[in-house]
Amino acid sequence: GLNIMNLTAAIFFAHLFLIVGAGQVDDNDTCTAMAFLLHFFFLSTFTWSAVIAYNLLRTFVLQKSTAMPHSLERSGYYFTFTLCWSIPLLICVTCLALDLSEAVDIQYGTDAMCWI
């Protein structure tokens with residue numbers, strides 16, 4: 001249930017920033033921030049979807065659905081939570097740093113739309 005709630009939050013914020021911020025091309029800094037947030041939340045959607053797919057595989061194909069003690073289940077969720085939000089953040093911060101240093105031309109935000 002918690003994985004699906006996080007996936008739903010990532011999808012919600014990705015679509016919210018897409019609707020609200022994708023057309024903010026007037027200010028370059030705002031456009032870059034919106035493109036960064038869109039990149040982050042769509043990557044987070046991917047990571048949460050991958051975790052849910054792995055859990056389904058583990059439960060139905062590998063049949064590893066043995067009951068775990070509550071403390072181990074909770075610590076596993078904290079690990080998953082940290083991984084699924086920090087990996088996209090690390091990727092996005094790296095891409096933003098490369099874009100701002102002009103080492104790579106990623107183009108966070110253009111004249112037409114605040115997107116990569």
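Of the 23 residues in the largest nonpolar core, which touch the most other members? In this predicted model, residues are numbered from 1 along each chain as its sequence is written, and side-chain values use heavy atoms, with hydrogens and water left out. Local features need pLDDT of at least 70 and side-chain atom pairs count only at pLDDT 80 or more, whereas totals for chains, interfaces and linings use all residues.

The residues that touch the most other members of this core are F41, W48, W85 and Y108. The elements that give two or more residues to the core are α1 (2-21), α2 and α3 (70-100), and its largest share, 10 residues, comes from α2. A nonpolar core is here a set of buried Ala, Val, Leu, Ile, Met, Phe, Trp, Tyr and Cys residues joined through side-chain atoms within 4.5 Å; buried means under 20% relative accessible area, exposed over 50%, and partly exposed in between, with a 1.4 Å probe and protein chains only. Helices (H or I, at least four residues) and strands (E, at least two) are DSSP runs, numbered from the N terminus.

A search of the whole structure finds 13 aromatic pairs. Rings of Phe, Tyr and Trp (its six-membered ring) pair if their centres lie within 6.5 Å, and planes under 30 degrees apart count as stacked, over 60 as edge-to-face and the rest as tilted. The rings of F17 and F41 have centres 5.8 Å apart and planes at 20 degrees, so this pair is stacked. Because F17 lies in helix α1 and F41 in helix α2, the pair ties together parts that are 24 residues apart in sequence. Both F17 and F41 are buried, and one aromatic cluster includes these two residues together with others, among them W48 and W85.

Residues up to four places away in sequence aside, T45 touches L7, A10 and I11, where contact means heavy atoms within 4.5 Å.
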